[in-house]
Amino acid sequence: MPPEELTLYYAPGTCAQAVRIALEEAGAPYRLERLDFSARQQLSPDYLAVNPKGRVPALATPQGVLTETPALLAYVAQRFPEARLAPADAFGFARMQEVHSYLASTVHVAHAHRPRGSRWADEPEAIAAMQRKVPQNMAECFELIERHYLQGPWVLGDAYSVADGYLFTIAGWLKSDGVDIARFPKVQAHSVRVGARGAVQRALAG
């Protein structure tokens, strides 16, 4: 790997999309390694040597491999400060991390109970019960986001940040989770704004 090149391990439809958006926004030199989840490539010995969790995203850097979307987004923002993808002050950066933590630990988990119910239960009836609950849980999550976290055109107010690509990515799961994004006018307008950005269009193109 060239000294300044990054490698993003990803799979389509996952939260790795948020990291790819951040890399495009930063103008970072990077290459992609796509994993085929249908072939369980994420559990292959080669990939487990990269990320023992067997999940995406993973970002190979000159210093080593990083995992977990909030960590990768913070890394990209700090590694390429000229792109101004995160607040420079301590409170603003912590606020961004608060949003990231909520998206990762609460919203993503609420979504994952639909396609990944087997992580929490083995009995088909238990998995089905969890899946039925997903639309309600996701709606409640986005009601809070609509009311509490979208106070301006962007997640953090007037300035675009890596948090915007992250929210855009997870909001894109609402339809498959049985939730109409139109219930959340701020979130819907935010998704349109983010989707119109050149970096986002490049990230979604391949």
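**Before you start.** The model is predicted: local features need pLDDT of at least 70, side-chain atom pairs count only at pLDDT 80 or more, and totals for chains, interfaces and linings use all residues. Numbering runs from 1 along each chain as its sequence is written, and side-chain values use heavy atoms, with hydrogens and water left out.

**Stop 1: the sheet.** Switch to cartoon. Helices (H or I, at least four residues) and strands (E, at least two) are DSSP runs, numbered from the N terminus. Four names matter here: 4 strands make an open sheet, ordered β2-β1-β3-β4, with mixed pairing. Strands pair if DSSP finds at least two bridges between them. β2 (30-34) and β4 each have a single partner strand and stand at the edges, so one side of each lacks a neighbour in the sheet. From one strand to the next, the twist averages 20°.

**Stop 2: strand β3.** Select residues 58-61. Which side of this strand is covered? Both faces of β3 are: A58 and A60 on one side, L59 and T61 on the other, are all buried. Buried means under 20% relative accessible area, exposed over 50%, and partly exposed in between (1.4 Å probe, protein chains only). In a regular strand, side chains alternate between the two faces of the sheet.

β1 (residues 6-10) runs antiparallel to β3, joined by 3 bridges. Within that pair, L8 is bridged to L59, and Y9 to A58. On to β4 (residues 64-67): β3 and β4 pair antiparallel over 4 bridges. L59 has L66 as its bridge partner in β4. The two strands form a hairpin, with 2 residues between them.

**Stop 3: helix α1 on the sheet.** The sheet again has its β2-β1-β3-β4 order, with an average strand-to-strand twist of 20°. Select residues 16-26. Helix α1 packs on this sheet and touches β1, β2 and β3; its direction makes about 155° with that of β1. Axes are lines fitted to C-alpha atoms, for helices over the stretch in contact, and angles run from 0 to 180 degrees between N-to-C directions. Contact means heavy atoms within 4.5 Å.

**Stop 4: H111.** Select H111, in helix α4. Is H111 buried or exposed? H111 counts as buried because its relative accessibility is 8%. Leaving aside residues up to four places away in sequence, H111 touches V134, M138, W173, S176 and D177.

**Stop 5: the largest pocket.** On a 1 Å grid over the protein atoms alone, a pocket is an open set of points with protein on both sides within 12 Å along at least five of seven lines; a cavity is a set where a 1.4 Å probe fits but cannot get out; lining residues have an atom within 4 Å of a point. Points are joined across faces, edges and corners, and a volume is the space filled by probe spheres set on them.

Select R55, V56, H108, R116 and R119. Of the 34 lining residues, these lie nearest the centre of the largest pocket. Its volume is about 810 Å³. α3 (69-79) and α4 (90-112) each supply at least two lining residues; α4 gives the most, with 5. The lining has 16 nonpolar, 9 polar and 9 charged residues. Nonpolar covers Ala, Val, Leu, Ile, Met, Phe, Trp, Tyr, Cys and Pro; charged covers Asp, Glu, Lys and Arg; the others, Gly among them, are polar.

**Stop 6: the cavity.** How many cavities of 30 Å³ or more are found? The search of the whole structure gives 1. The largest cavity holds about 40 Å³. Select V99, Y102, L103, I145, Y149, V155 and L167, which line it. α4 and α5 (124-149) are the elements giving two or more residues to this lining. α4 has the largest share, 3 residues. By class, the lining is 7 nonpolar, no polar and no charged.
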